[in-house]
Amino acid sequence: MTKWVYTFGDGKAEGTAELRTLLGGKGANLAEMSNLGLPVPPGFTLSTEVCTTFYDIDHQYPDGLRNEVASALAHIEKITGKRFGDAHNPLLVSVRSGARASMPGMMDTVLNLGLNDETVVGLATLAGDTRFAYDSYRRFIQMYSDVVLGVDHHSFEEILEDAKMEKGVTMDTDLEADDWKAVVADYLALTLRETGKPFPQDPIEQLWGAIGAVFGSWMNQRAKTYRRLHDIPASWGTAVNIQAMVFGNMGDTSATGVAFTRDPSTGERAYYGEFLVNAQGEDVVAGIRTPQYLTKAAREGAGSTDPSMQEIMPVTFDELAKVFDRLEKHYKDMQDIEFTVERGRLWMLQTRGGKRTTKAALKIAVDMVAEGLITQEDAMGRIDPHGLDQLLHPTLDPAAERNVIARGLPASPGAASGEVVFNADEAEKLNKGGHNVILVRVETSPEDIHGMHAAEGILTARGGMTSHAAVVARGMGRACVAGAGTVRISYDKKEFTTGGVSVKAGDIITIDGSTGEIMLGAVATVKPELTGDFATLMSWADNIRRMKVRANAETPADAQAARDFGAEGIGLCRTEHMFFDAGRILAVREMILAKDEDGRRRALGKLLPEQRKDFTELFRIMAGLPVTIRLLDPPLHEFLPHEEDEIIGVAQASGVSVDAVKARIAELSESNPMLGHRGCRLGITYPEIYEMQARAIFEAAAAVMKESGTSITPEVMIPLAATKAEIDILKERIDGVAAAVSEEAQVRLDYLVGTMIELPRAALRAGEIAKSAEFFSFGTNDLTQTTFGISRDDAARFLWAYQEQGILETDPFVSIDRDGVGELVKLAASRGRKARAGIKLGICGEHGGDPASVAFFEEVGLDYVSCSPFRVPIARLAAAQATLKNAPERG
């Protein structure tokens with residue numbers, strides 16, 4: 001019989017940290033902390049299987065669940081000595097989500113559940129504090145009405161603001177017991193007015209309403225968006241955690257806080273976090289009140305005068321510090337911790353692996369190796385290869401002029417410039433139009449997730465270092481400045497003001513998430529220094545990985561960047577990119593418009609020295625590393641103009657009539673260019689094009705070998721081949737050119753001729769093709785297009801629906817389709833090796849920089865991956881992780 005509910009508390013638990021898949025991250029770690037004997041309020045977890053069953057059987061609960069929940073409630077009652085719904089000694093609980101992957105703020109939470117018009121009186125008597133009881137009740141009404149009943153939370157906030165204004169105060173803590181009673185009455189009246197029903201008074205009804213809301217929130221829009229952005233399958237489901245309430249809002253000896261065992265922005269080994277006296281957890285993360293620092297050192301470093309927890313609660317802080325150290329050593333990772341202090345007693349509400357910037361992740365991983373906590377292999381597994389992208393782009397130039405107009409908290413490092421926008425929808429819209437934007441909000445909420453993702457950076461007027469904006473921005477790698485208290489935002493006017501400066505929507509600002517500075521205008525940037533912890537981790541990765549990593553590059557700048565990022569050669573040089581240069585396009589067009597082969601050869605003769613120069617520079621920069629050069633691939637019509645004035649200009653430059661140009665354009669037009677006259681088909685019909693390119697390659701190689709003494713072995717790649725015959729015909733011509741150049745230059749030329757496998761037929765006939773081709777490079781962009789029959793240029797219009805409906809887990813143009821395209825890669829690799837021992841196998845599509853795809857290519861045993869220069873470090877780390885993952889299988 002399936003067990004649906006798992007209890008914890010009083011130094012023991014039915015679960016452990018290993019049951020993360022079943023209990024979710026929060027539930028598994030609550031169980032683990034209980035087993036460690038840490039002070040955890042008792043509770044129970046409804047497993048993720050309840051969630052998946054809930055959706056499988058049309059939003060119904062499985063048989064036996066209600067009985068298990070009743071027994072688990074009795075478990076809490078026994079430990080606490082309180083009873084759920086008892087008017088004199090009430091047990092109150094929190095109801096929280098908890099998926100196996102952390103999704104901060106994406107799903108719903110309800111606190112103080114169990115309060116009603118009777119139990120609030122009992123709570124007041126028990127606590128000896130009527131103000132506290134009614135403060136808790138108003139929080140519960142607002143949260144439950146918002147999450148479960150669908151009443152807009154802003155309506156409650158308006159009532160509260162009116163109450164403070166009437167009393168002449170600005171802080172919630174300034175309101176007294178009678179004030180809260182009046183607010184509660186107004187809240188209850190609002191709920192009745194909005195829903196047509198009284199606020200539910202039965203605690204059991206409240207509990208099941210909250211459970212249903214949390215399970216329901218697994219499929220809310222913001223959760224769906226977060227899962228899509230972070231590749232979290234909907235099939236995982238969420239757990240629900242129900243736990244006895246402990247109260248941080250019971251006066252000046254109570255508090256609540258969020259802490260990290262190390263700095264999540266820098267990785268420094270120092271406690272990092274915030275707390276609030278006389279508050280509940282929502283107050284810290286929501287930015288409603290500005291929190292105080294945990295440690296004296298952090299307070300002094302920030303120049304704050306508000307006392308730290310270390311100073312005003314020294315005994316409790318020391319106890320908390322011991323828990324921090326114990327949890328970090330137990331989990332062997334930096335922890336993100338939530339805690340509450342109730343009248344001087346410490347309670348642990350959550351621990352999890354802390355989200356951190358990539359810079360911090362590198363430092364923490366390298367430091368923990370030095371501390372003996374983890375191995376080098378463990379350290380590499382801790383870094384998300386995608387996250388390295390945060391380190392590979394420019395930061396603000398320290399010498400650049402800065403017009404600093406305000407300062408906030410440095411919530412997420414990095415720098416960003418862009419147009420000011422004040423709502424998430426506008427941020428997303430402008431981003432799709434190619435604009436860089438900075439999202440400016442009073443405070444962010446989970447509903448802003450799509451705008452935060454679209455923005456280059458985020459600026460908030462309220463909130464602290466652990467606010468929603470800060471946590472989400474760090475996870476996304478976005479620069480963020482939070483809690484900029486002098487910034488006054490008017491959504492109606494679409495502007496913010498600070499220090500007499502007015503900034504309107506569309507104005508350019510720059511934020512520095514490492515310093516908290518907000519600047520008017522764009523600020524110059526500098527190239528990152530890839531040294532220190534980054535270099536250390538990369539050296540470990542390079543020592544472990546089996547696959548080589550090359551770069552896709554055709555310009556000297558790209559080639560040099562590739563070398564700087566650790567590329568071990570060029571896996572794809574797209575020669576057509578060189579043809580579009582302004583100084584060459586006329587010769588290309590002259591070649592296309594020529595009436596015969598002689599005319600084409602004359603035009604190609606003008607391109608030869610330019611192509612030779614291109615390849616010479618690449619060979620020099622790569623200094624003997626392999627360089628794979630793809631011969632011309634796109635159809636010729638792509639090089640011809642389409643606007644009338646351009647057509648006239650081409651006609652005049654080429655000495656032909658406008659009608660002749662238009663006739664040639666019409667002649668070359670195709671119904672489906674992707675499957676048309678392109679790739680090796682050009683070489684078959686116009687062999688002089690490939691002959692010119694081959695000559696440029698070999699002459700460049702000969703020249704660099706003579707000047708440097710370095711051995712150069714060009715890899716000449718024939719694109720879009722479907723048959724062995726195509727390879728044979730073109731290879732014979734390439735060999736002839738090589739022999740001629742070798743004799744002319746009096747240099748022995750070593751080279752390889754291979755092909756791109758980008759058609760299903762080529763993959764199926766790879767054994768035959770390998771008899772002529774000396775290497776394969778899988779062009780997974782086109783192979784995905786031709787396997788699915790989908791144009792990647794148009795796929796975005798409908799693939800989102802396929803992902804939402806579970807037809808495809810991921811976009812196959814982003815991450816390799818293992819079952820279809822991947823099967824063709826496996827088959828071609830196997831058949832190619834059987835036909836030609838030692839054949840070199842690589843991949844040069846965009847998948848070469850995708851960690852999940854790199855893992856697949858390691859399983860297949862390819863020799864190298866090739867990707868854009870800025871993704872080379874990502875591929876290097878992903879290749880090392882893949883090697884470690886496959887080590888036991890390779891035996």
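1. In this predicted model, the side chain of asparagine 552 comes within 3.2 Å of the backbone oxygen of cysteine 844. A polar contact of 2.6 Å also joins the side chain of asparagine 552 to the side chain of serine 866. Asparagine 552 belongs to strand β25, which covers residues 548-552.

2. Is asparagine 552 buried or exposed? Its relative accessible area is 4%, and because buried means under 20%, asparagine 552 is buried. When neighbours within four places in sequence are set aside, the residues in contact with asparagine 552 include Gly571, Leu572 and Arg574, as well as Cys844, Gly845 and the run Ser866, Cys867, Ser868 and Pro869.

3. An open sheet of eight strands deserves attention next. Its order is β13-β23-β22-β15-β16-β17-β18-β14, and the pairing is mixed. Strands β13 (404-407) and β14 stand at the edges with a single partner strand each, so one side of each has no neighbour in the sheet. On average, neighbouring strands of this sheet are turned by 30° against each other, direction ignored.

4. Within that sheet, strand β18 (residues 479-482) is covered on both faces. Ala479 and Val481 are buried on one side, and Cys480 and Ala482 are buried on the other. Strands of a sheet pair through backbone hydrogen bonds, in either the parallel or the antiparallel sense. Both senses occur around β18: strand β14 (residues 409-412) pairs with β18 in the antiparallel sense over three bridges, whereas strand β17 (residues 457-460) pairs with β18 in the parallel sense, also over three bridges.

5. Which residue of β18 stands opposite leucine 409? It is alanine 482. Cysteine 480 in β18 stands opposite isoleucine 458. Elsewhere in the sheet, strand β15 (residues 415-421) pairs with strand β16 (residues 437-441) in the parallel sense over three bridges, and valine 437 in β16 is the bridge partner of glutamate 419.

6. Helix α14 (residues 358-370) has 13 residues and spans 18 Å from its first C-alpha to its last, close to the 18 Å expected at 1.5 Å a residue. The helix is mostly covered, with ten of its 13 residues buried. These are Thr358, Ala360, Ala361, Leu362, Ile364, Ala365, Val366, Asp367, Met368 and Val369. Just after α14, glycine 372 has a positive phi of about 80°.

7. The aromatic residues form a further topic. The count comes to 18 aromatic pairs. One of them joins phenylalanine 140 and tyrosine 144 in a tilted arrangement, at 5.4 Å centre to centre and with 55° between the planes. Why are these two residues separated by about one helical turn? Phenylalanine 140 and tyrosine 144 are four residues apart in helix α5 (residues 130-149), and therefore about one helical turn lies between them. An α-helix has 3.6 residues a turn, so residues three or four places apart point the same way.

8. Both members of this pair are buried. Phenylalanine 140 counts as buried because its relative accessibility is 0%, and tyrosine 144 counts as buried because its relative accessibility is 2%. Separately, Phe54, Tyr55, Tyr61, Trp208 and Phe215 form one aromatic cluster.

Conventions. Residues numbered from 1 in each chain as written. Predicted model: local features only at pLDDT ≥ 70, side-chain atom pairs only at ≥ 80, totals over all residues. Heavy atoms only, no water. Buried < 20%, exposed > 50% of the residue type's maximum accessible area, 1.4 Å probe, protein only. Polar contact = N/O pair within 3.5 Å; in protein donor to acceptor, adjacent residues only side chain to side chain. Contact = heavy atoms within 4.5 Å. Pairing = 2+ DSSP bridges. Expected span 1.5 Å × (residues − 1). Axes fitted to C-alpha atoms, helices over the stretch in contact; angles between N-to-C directions. Phe/Tyr/Trp six-rings, centres within 6.5 Å; stacked < 30°, edge-to-face > 60°.
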